[in-house]
Amino acid sequence: MIKLSGYMNQLNDQKISGKSLMTIMTIGDYLEMTDTENNPYQRNKLGVKQYTKLVADLLDDTVMPPISVVYCGTKEEILNGLDENKKFIILDGLQRTNCIMHCIERLRRNEGGRITTEQEFLKKK
């Protein structure tokens, strides 16, 4: 189970009878919980070349811009801990997620910034 922390205001979506919550989690938990391959809501991944600055900034330990995802679960699951077998679906943030993956590749080649290891990067919030 993955516990969410840092809840902000809850927003109600009347059209779909859904709830939106803002939370903070580590990059490692985010990657573990996200389906990056099967996403009907996102366009194709762009090359990382357009996002070189974001990759460098992430490796220098800057704050990651927000990513919007969908989690299809019950209120109890969200409050008590997310099922690790269910995956988030990215609504907004596929390119940022692609940059996260590129950061990990760079760290594996010892090409970090202020962050120098994959383990340190995956613990980043």
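Is Arg109 buried, partly exposed or exposed? The model on screen is a predicted one.

Stop 1: Select residues 94–108, which make up helix 4. Its 15 residues, at 1.5 Å a residue, should span 21 Å.

**Stop 2: the buried residues.** Within helix 4, now select Leu94, Gln95, Arg96, Thr97, Asn98, Cys99, Ile100, Cys103, Ile104 and Leu107, which are its buried residues. An α-helix has 3.6 residues a turn, so residues three or four places apart point the same way. Next, show what the buried residues of helix 4 pack against: helix 1 (27–33), helix 2 (52–59), strand 4 (89–92) and helix 5 (118–122).

**Stop 3: Thr97.** Zoom in on Thr97, which lies in helix 4. Thr97 has a relative accessible area of 2% and is therefore buried, the cut-off being under 20%. Show the side chain of Tyr30 as well: a polar contact of 2.6 Å joins it to the side chain of Thr97. Apart from neighbours within four places in sequence, the residues in contact with Thr97 are Tyr30, Leu31, Thr36, Ile67 and Ile90.

**Stop 4: Arg108 and Glu118.** Move to Arg108 and select Glu118 with it. These two form a salt bridge, and their closest N and O atoms are 2.9 Å apart. The pair links distant parts of the chain, since Arg108 is in helix 4 and Glu118 is in helix 5, 10 residues apart. Arg108 counts as exposed because its relative accessibility is 57%, where exposed means over 50%.

**Stop 5: just after helix 4.** Select Asn110. Just after helix 4, this Asn110 has a positive phi of about 60°.

**Stop 6: a network of salt bridges.** Select Arg106, Arg109 and Glu111, which salt bridges link into a network. Look at Glu111 with each partner in turn. Between Glu111 and Arg109 the salt bridge is 3.0 Å, N to O. Between Glu111 and Arg106 the closest N and O atoms are 3.9 Å apart. Glu111 has a relative accessibility of 33%, so it counts as partly exposed.

Now the opening question can be settled. Arg109 counts as partly exposed, because its relative accessibility is 45%.

**Last stop: the whole structure.** Zoom out. How many salt bridges does a search of the whole structure find? The search finds six.

Notes:
Residues are numbered from 1 along each chain as its sequence is written. This is a predicted model: local features need pLDDT of at least 70, side-chain atom pairs count only at pLDDT 80 or more; totals for chains, interfaces and linings use all residues. Side-chain values use heavy atoms; hydrogens and water are left out. Helices (H or I, at least four residues) and strands (E, at least two) are DSSP runs, numbered from the N terminus. The expected span of a helix is 1.5 Å times one less than its number of residues. Buried means under 20% relative accessible area, exposed over 50%, partly exposed in between (1.4 Å probe, protein chains only). Contact means heavy atoms within 4.5 Å. A salt bridge is a side-chain nitrogen of Lys or Arg within 4 Å of a carboxyl oxygen of Asp or Glu. A polar contact is a pair of N or O atoms within 3.5 Å; within protein, one must be able to donate a hydrogen and the other to accept it, and residues adjacent in sequence count only if both atoms are side-chain atoms.
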